[in-house]
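Here are my notes on the model you sent over. Have a look at it first, then go through the points.

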Amino acid sequence: MQYGLRARERTPAGVDASQVGAFLHFILEHVTEAVTKRGGFAQVEERELSRLTDRAVQAYMDEALPGFDKREERFKYLFRRLRKTVGTIISNVADEMAHSDFVPVAFELGFGEGEAMPPVTVRMGDGALSVAGRVDRVDGWLEGGRMYLRVVDYKSGKKSFDLSDVRHGLNIQMLLYLFALKQEGARVFGHEIVPAGVLYLPARDVLLSKPRSVDPEVLRTAMDKELRRSGLVLSQPEVLRAMEHSALEEPRFLPPSVGKGGVTGGLATAEELGKLERYVNHLLEEIASEIHGGVIDADPCYTSESDNACIHCEFASACHFTDGEGGDHRTPLRPIKPEEFWGQIDLITEEEGTPWVSN
């Protein structure tokens with residue numbers, strides 16, 4: 001309905017989720033790029049950062065919101081609130097990058113024909129499946145002649161990285177691009193590439209329920225929690241410390257936490273990332289095989305009834321999906337613990353599949 005017929009749901013006047021995402025993406029990209037050209041966040045004072053943010057906001061308004069003064073008052077109010085939110089997010093990113101040896105090395109990095117990176121291609125028989133896309137940001141750390149890269153995706157919703165999703169073949173784009181960078185990134189960055197992980201950075205309108213008299217430090221801690229990245233990063237201590245200088249003692253931004261058992265959560269060894277690469281290859285081969293075989297069954301997935309996309313689908317009245325008819329059925333997804341995930345993909349990737357190639 002959406003991509004074939006270009007159908008669109010009628011929406012009331014206001015700032016919808018897609019507009020919020022587009023705005024926050026635009027500001028994050030342009031401010032981070034401008035700061036990088038000035039030597040990084042550690043070299044830019046707060047006043048200059050605020051000026052760069054205001055300049056990016058104005059550029060967005062000129063480009064995407066012509067005639068802003070004639071908009072209805074509700075729209076203006078919501079947009080003013082967004083301006084405040086983006087300032088908070090930029091400040092959080094600045095704080096993170098000022099305490100990190102990783103620096104942005106690419107923005108809106110494209111994979112596909114005519115892009116900086118070639119498309120990811122799976123060959124099978126007389127056909128091939130090519131995957132194209134774009135990465136919001138790539139951060140790098142040059143050490144020992146090798147470039148450690150992490151892929152950063154700006155998430156305007158509350159979606160977080162989950163190995164259960166990966167096991168079921170969902171939300172694998174960032175991993176796919178990370179491993180593509182490992183294979184082909186030396187062409188662009190001039191060094192051998194080491195995958196250092198993927199991070200989802202919350203880029204959404206954040207509202208905190210706190211009293212006006214709240215202590216600034218308490219407010220900052222609460223905001224840090226809302227904006228903490230989710231994802232999977234390389235577990236090598238030197239890499240973690242390069243990502244965030246306090247990562248091994250008290251991480252504020254990275255997914256792992258520190259407890260009695262040390263640094264845990266959101267970590268993968270180099271060996272595990274290798275297994276994950278083979279598993280992603282396996283998934284791509286399966287997808288290519290199904291597309292080549294004409295498999296077009298409608299099998300919407302869900303983890304719970306409240307997470308069932310069919311309940312909230314704006315095209316339900318036109319879809320007429322009926323569970324169990326014509327081979328279509330809803331597919332419940334069982335949550336998988338990390339240790340179970342690694343054990344399962346061990347079995348699946350015992351025999352390495354046909355590798356994909358980028359060209």
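1. E192 is partly exposed at 47% relative accessible area, and R146 is partly exposed too, at 32% (buried is under 20%, exposed over 50%, partly exposed in between, with a 1.4 Å probe and protein chains only). The two form a salt bridge with closest N and O atoms 3.9 Å apart; the term means a Lys or Arg side-chain nitrogen within 4 Å of an Asp or Glu carboxyl oxygen. R146 sits in strand β5 and E192 in strand β6 (residues 192–202), so the bridge ties together parts 46 residues apart in sequence. Strands are DSSP E runs of at least two residues, helices H or I runs of at least four, numbered from the N terminus.

2. A caveat on the source: this is a predicted model, where local features need pLDDT of at least 70 and side-chain atom pairs 80 or more, while totals for chains, interfaces and linings use all residues. Numbering runs from 1 along each chain as its sequence is written, and side-chain values use heavy atoms, leaving out hydrogens and water.

3. E96 and R150 meet in a salt bridge (3.6 Å, N to O). E96 belongs to helix α3 (residues 73–98) and R150 to strand β5 (residues 146–155), 54 residues apart. E96 has a relative accessible area of 2%, R150 one of 0%.

4. Overall, the search of the whole structure gives 17 salt bridges, and 41% of the 359 residues are buried.
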